[in-house]
Amino acid sequence: MYTPGKLIYFDPFYFKDGSESKPKYFLVLKVINGNVVLASLPSSKIHLPQAQEIIHGCLEMPDSGINCYIFKANTPVTKCGWSFKIDTLLYGNWLDDFNIELLSQNYSIEGVDYEIIGELADDQFRQLINCFSTSRVVKRKYKRWLLS
């Protein structure tokens, strides 16, 4: 289930920091040593300057400390042609790592705890990894993982 490029929908998703759980998409970026997942939690909240045009793909604004990958609404992003219904952003500074064993305990039943949406299209995944691995905003540890 946890393979690079896999897009999963958890309902609800339990945040590590104890924030209120809610339905959430989860994109697997890398699996480390078979027990840790580096992932991004896509967001429909746009945390960009108001004048910034929302264009599909990588956005790097190092002077503003912004790095994100934008999925435009209704633009197919998975191999099966699935798309987000609204503009959705993956922020480089919000990448996080998750223990696979703990994820498996919290989300054990497909169709009840989670739904596998699909696998990101190869070109989308390559562009996303390049976007995060070359960013000044992404933690060095995560950039090393992405490049390994």
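Predicted model: local features only at pLDDT ≥ 70, side-chain atom pairs only at ≥ 80, totals over all residues.

Biologist: How many bridges join strand 4 to strand 5?

Modeller: As to terms, helices (H or I, at least four residues) and strands (E, at least two) are DSSP runs numbered from the N terminus, and two strands pair if DSSP finds at least two bridges between them. Here 5 bridges join strand 4 to strand 5 (residues 66-71), and the two run antiparallel.

Biologist: What is the order of the strands in the open sheet?

Modeller: The order is 4-5-6 in this open sheet of 3 strands, with antiparallel pairing. Strand 4 (57-61) and strand 6 (88-91) are at the edges with a single partner strand each, so one side of each has no neighbour in the sheet. On average, neighbouring strands of this sheet are turned by 25° against each other, direction ignored.

Biologist: Which helix lies across these strands?

Modeller: Angles run from 0 to 180 degrees between N-to-C directions, with axes fitted as lines to C-alpha atoms, for helices over the stretch in contact. Helix 2 (residues 122-133) lies across strand 4, strand 5 and strand 6, and runs at about 170° to strand 5.

Biologist: Which residues of helix 3 are buried, and why do they line one face?

Modeller: An α-helix has 3.6 residues a turn, so residues three or four places apart point the same way. Buried means under 20% relative accessible area, exposed over 50%, and partly exposed in between (1.4 Å probe, protein chains only). In helix 3 (residues 140-147), the buried residues are Tyr142, Lys143, Trp145 and Leu146. Seen down the axis, they fall within an arc of 160°, so they line one face of helix 3; the arc is that of the directions from the helix axis to the C-beta atoms. On the other side of helix 3, Arg140, Arg144 and Leu147 are exposed.

Biologist: What does Ser133 touch?

Modeller: Contact means heavy atoms within 4.5 Å. Ser133, in helix 2, touches Lys143, Leu146 and Leu147, not counting residues up to four places away in sequence. Ser133 is buried, with a relative accessible area of 9%.

Note on methods
Residues numbered from 1 in each chain as written. Heavy atoms only, no water.
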